[in-house]
Amino acid sequence: VVKIQSVFRGALCRKEAERRAVSAIVLQRTWRMHSHHMMYISTKESALKAQALFRAYACVRQYHAMREGVICIQRLYRSHVEKQRHHAKRDSAAIVMQCAIRGYIARERFVETMKLIACITFHLIRLEEQKHEAAAVTVQRHWRRAKIRADHKSMCDGAIMIQRTVRMFVQSKRFALRVRSVVKIQSVFRGALCRKEAERRAVSAIVLQRTWRMHSHHMMYISTKESALKAQALFRAYACVRQYHAMREGVICIQRLYRSHVEKQRHHAKRDSAAIVMQCAIRGYIARERFVETMKLIACITFHLIRLEEQKHEAAAVTVQRHWRRAKIRADHKSMCDGAIMIQRTVRMFVQSKRFALRVRSVVKIQSV
C-alpha cells in the first residue's frame, strides 16, 4: 500500500510539475507579448507626439513666414501708395508753377516780339523798294544766263546720249562675257559642292549605320545579360529553396529521432519503474509471508524484538520513500527543463533559418537588380 501510495504521489507530483512548467511557459509568453505590446504602444505614442510637435512647429514656422511676407507686402504697398500720392502732389504743384512761369515768359516774349515786328516791318518796307529795282536787273541777267545754259545743255545732252549708247554696247559685250565665265565658275563650284555634299551624306550614312548596328548589338547584349541574370537568380533561388527544404527535412528528421529517443527513454524509465514496483511488491509479499510464518513460530519469544524491528523497518521505509520521491521529482524536473531547452533551441534554430532564408532572398534580389 505504501509503495502504491508513493507511485501515485510521484505521478501526481510529475503532473503538477508539468502543469506548473506549462503555466510558467504560458506566463512567460504572455508577459513577453504584453511587454512587447506595451513597448510598441509607447514607441508609437512617442512617434505620434514627435510627428505632432514637428508638424505644429512646421505650421507655426509657415504661419510666421506667411505673416512676415504679408506684413512686408502691406508695407511695400502702403509705401508705394504714399509715393504715388507724393509724386501726384509734387507733379501737380510743378505743373502749376510751370504754367505760371511759362505764362510770364510768354507774355514777356510777346511784348518783345511785337516791338521787333514793328521795327522789322519798317525796315522791310524800305528794303522791298530797293529789292524791286535790283530784282528787275537780276531777272534780266539770269534769263540771259539761262538761255545760254539751255543751248549748252542741249548740245551736251546729245553728246552724252551718243557716249551712253556706245558705252552701253561695250558694257553689254563685256557683261555677256562675264556672265558666261560666271556661269562656268558657278557650274564648277556647284559640282564641287554637290560632290562634297554626296561625300558628306555617304559618311553620315556610314556613321548612322555604324551607330545603329552598335546600338542594336548593345541592346541585344543588355537583353542577353538581363536574361542571364534572371536565369542565374532563378537558379540560385531554386538552389536556396532546395537547400532550405533539405535543411528542413534534416531538422524534421533530427526532431523526429530526438522525440522518438525521448519517448523510448520515458518508456524504458516507466517500464523500469513499473518492474521495480512489481519486484518490490512481490518481494514484500514474499517477505511478509515468510515473516508471518516466522512470527507464528517465534511469536512468544521475539514479540518485543519484532515490534522494535517493525518500527525500524517502517521508519526506514518512510525515509527511503521520501528520498525516492524527492529524487524522482528532481529527475522529472530536470528532464522537463532539458526538453524545454531543447524545444527552445529547436524553435530558435528554425527562426534563425527563416531569417537567414529571408536575408539570402533579399541579397539575391539585390544582386539580380
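This is a predicted model: local features need pLDDT of at least 70, side-chain atom pairs count only at pLDDT 80 or more; totals for chains, interfaces and linings use all residues.
Glu197 and Arg201 both belong to helix α1, and because they stand four residues apart in that helix, about one helical turn separates them; a helix here is a DSSP run of H or I with at least four residues, while a strand is a run of E with at least two, and both are numbered from the N terminus. The side chains of Glu197 and Arg201 meet in a salt bridge with 3.2 Å from N to O, where a salt bridge is defined as a side-chain nitrogen of Lys or Arg within 4 Å of a carboxyl oxygen of Asp or Glu. Glu197 is partly exposed at a relative accessible area of 27%, whereas Arg201, at 57%, counts as exposed.

Residues are numbered from 1 along each chain as its sequence is written, and side-chain values use heavy atoms, with hydrogens and water left out.

Another pair in helix α1 is Arg20 and Glu16, which are four residues apart and therefore separated by about one helical turn. They form a salt bridge whose closest N and O atoms are 3.2 Å apart; Arg20 is exposed at 57% relative accessible area, and Glu16 is partly exposed at 27%. A further salt bridge links Arg266 with Glu263, the closest N and O atoms being 3.8 Å apart, and these two residues lie three residues apart in helix α1, about one turn of the helix. Salt bridges that share partners also join Glu16, Arg19 and Arg20 into one network. By the rule given above, the count of salt bridges comes to six.

Turning to the chain as a whole, its secondary structure consists of two helices and zero strands. The radius of gyration is 66 Å, well over the 21 Å that the globule rule gives for 369 residues, so the chain is more spread out than a compact globule; this radius is taken over C-alpha atoms, and the rule is 2.2 Å times the number of residues to the power 0.38. Along the principal axes, the C-alpha atoms fill a box of roughly 210 × 80 × 15 Å. Of the 369 residues, 4% count as buried, and the chain exposes about 33,500 Å², with carbon and sulfur atoms supplying 66% of that area, as computed by the Shrake-Rupley method with a 1.4 Å probe.

Two pairs of residues give a sense of distances within the chain. Arg236 lies in helix α1, which covers residues 2-297, and is partly exposed at 39% relative accessibility; its C-alpha atom is separated by 53 Å from that of Lys328, 92 residues apart along the chain. Val179 also lies in helix α1, and between Val179 and Phe350, which are 171 residues apart in sequence, the C-alpha distance is 101 Å.

Finally, the chain carries 75 positive and 26 negative side chains, and the centres of the two sets lie 7 Å apart. In this count Lys and Arg are positive and Asp and Glu negative, with His and the chain ends not counted, and each charge is placed at NZ of Lys, CZ of Arg, CG of Asp or CD of Glu.

Notes: Buried means under 20% relative accessible area, exposed over 50%, partly exposed in between (1.4 Å probe, protein chains only).
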